[in-house]
Amino acid sequence: MLGQQPLEQRLALQREYMEKAAELLCERYEHPPLALVHSFGCQQNQSDGEKLRGMLAEMGYGFTDQPEQADLALFNTCAVRENAEDRVFGNVGALKPLKKQRPGMLIGLCGCMMQQEQVADRIRKSYPYVDLVFGTHALYQLPELLFRRLSGEKRQFRGGGEGEIIEGLPLRRDGKIKGNLPIMYGCDNFCSYCIVPYVRGRERSRKPEDVLAEARQLIADGYKEITLLGQNVNSYGKGLEPPIRFAQLLRQVAQLPGEFVVRFMTSHPKDCTTELIDTIAQCDKICNHIHLPVQSGSNRILKLMNRRYTVEHYLELIDYARKQIPGVTFSSDLIVGFPGETYEDFQKTLELVRKVRYSTLYTFLYSRRSGTKAASFEDPVPEEEKSRWFRELLDTESQIREELQQAQVGSAERVLVEGPGRTGPDWLCGRNFSNDIVEFPGSKDLIGQFVDVRIQRAQNWALFGSFV
């Protein structure tokens, strides 16, 4: 069996399939075939999408955003929330008439949704025009699955497995300014609402030398922002020899020579340490913005969620960071309407939001995930009531956000220029170290550079200023 072979042997086999697939594609097409690769969900999924595009590029594919032009449409799916799954099924359904018009078109589904056996079975039975289905742990097997289907074999399904660290896959990154750098995969936390440990497996950390080598390559290629990725970066290093903590790895990346900044996500409060906060404070290249998902402001709900920290501990971390890191800002994730949540619990969440004053909140109505512990919890609160709570949270967030934005008028902000702005044809857009959007008029020659911008006015969504 493929999964029982040594990893090096399996990777060598995939390289052979990559070459064979490239030969078949040359025979089938007079021009380079085009692939549409769309990744739903988190930045980890976006990073996986870069590997998918890298392998496809090695096989001779070009890329398109238009389904009508695609010879291969590949959706890299997300299973975290129900609406993400609904979007995937909707997009796949929309490809059916295109497949009928062009029978040679290939359609593939991969990623977190496909790691769930019941979803793969649904695709098998109800979507007979889908050619490739493979889960997160089989991502590196794309060349084999594609070759087999191109060779006329039946539809290809590949799932299961425990997941491994696969190094050396080709990459085709998004953009040339900001680069994602995965440092670990999987999760051991088993929050009661979350499907991630079931579809991405248990925690596995990359060796620090592999992370640092990729970081050096990003810097050499001119990337100005590096984001270290993991489901819980704070638990990086478990099982590695010699032992290493996330704060140590973060410092090593930040000490590499070059002009760049470092961000990281996602950070679990139960594993966040004062050492990590001190590292941010002491390293100029680490942005002074911390994404620290809290999910709820009620200790009772946090316990039901299996988050394994209290609101009091969370606020201690916030207070310590504010003392150590000048100008630190925070963002967070919040779930509204968790099973069993009362309006009193929700009011505690609002109280926490007012205390911390987040610069950004990622807010979600609870989405039931089959296979998680919370899926069996009683959920008596009507959806209309939850929606009212949700609007109250959004109003509170908006008010705080406006106040924080206005407080920055008159300040000089260091900004990484990312591209054209929305304000006008001669405007540029970037983000400051606190992760706020900043727009200002300037030459396109500044794109990809760090510049100083004097903030002159603010709106809820962005700051506006002039190039210093």
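A search of the whole structure, which is a predicted model, finds zero disulfides. A disulfide is a covalent bond between the sulfur atoms of two cysteines. Cysteine 187 takes part in no such bond: the nearest cysteine sulfur belongs to cysteine 191 and is 6.3 Å away. To count as a disulfide, the two sulfur atoms would have to lie within 2.5 Å. Cysteine 187 is buried, with a relative accessible area of 8%.

Cysteine 429 gives a second case. Its closest cysteine sulfur is that of cysteine 287, and because the distance is 15 Å, the two are too far apart for a bond. Cysteine 429 also counts as buried, at 16% relative accessibility.

Cysteine 429 leads on to the strands. Strands of a sheet pair through backbone hydrogen bonds, either parallel or antiparallel. In strand 16, cysteine 429 is the bridge partner of glycine 419. Strand 16 covers residues 427-432 and pairs with strand 15 in the antiparallel sense, over five bridges. A hairpin of six residues connects strand 15 to strand 16. Strand 15, residues 412-420, also pairs with strand 18, residues 450-458, again antiparallel and over five bridges. There, alanine 412 has arginine 454 of strand 18 as its bridge partner.

Three strands form an open sheet with parallel pairing, in the order 12-13-14. Which strands stand at its edges? They are strand 12 (289-291) and strand 14 (360-365); each has a single partner strand, so one side of each is left without a neighbour in the sheet. Neighbouring strands of this sheet are turned against each other by 15° on average, direction ignored. Strand 13, residues 329-336, runs parallel to strand 14, and six bridges join them.

Histidine 38 stands opposite phenylalanine 75 in strand 3.

The aromatic side chains come next. Rings of Phe, Tyr and Trp count as a pair if their centres lie within 6.5 Å, and by this rule there are 17 aromatic pairs. How do the rings of tryptophan 461 and phenylalanine 464 meet? Their centres are 5.5 Å apart and their planes stand at 80°, so the pair is edge-to-face; planes over 60 degrees apart fall in that class. Tryptophan 461 counts as partly exposed, at 29% relative accessibility, whereas phenylalanine 464 is buried, at 3%. Ring pairs also link Tyr193, Phe338, Tyr366 and Phe377 into a cluster.

Aromatic rings have charged neighbours as well. The charged end of arginine 81 sits over the ring of phenylalanine 364, at 3.4 Å from the ring centre. Arginine 122 lies over the face of phenylalanine 89, where the distance to the ring centre is 3.7 Å.

Terms used: Residues are numbered from 1 along each chain as its sequence is written. This is a predicted model: local features need pLDDT of at least 70, side-chain atom pairs count only at pLDDT 80 or more; totals for chains, interfaces and linings use all residues. Side-chain values use heavy atoms; hydrogens and water are left out. Rings of Phe, Tyr and Trp (its six-membered ring) pair if their centres lie within 6.5 Å; planes under 30 degrees apart count as stacked, over 60 as edge-to-face and the rest as tilted. Buried means under 20% relative accessible area, exposed over 50%, partly exposed in between (1.4 Å probe, protein chains only). A charge sits over a ring if NZ of Lys or CZ of Arg is within 6 Å of the ring centre and within 35 degrees of the ring normal. Two strands pair if DSSP finds at least two bridges between them. Helices (H or I, at least four residues) and strands (E, at least two) are DSSP runs, numbered from the N terminus. Axes are lines fitted to C-alpha atoms, for helices over the stretch in contact, and angles run from 0 to 180 degrees between N-to-C directions.
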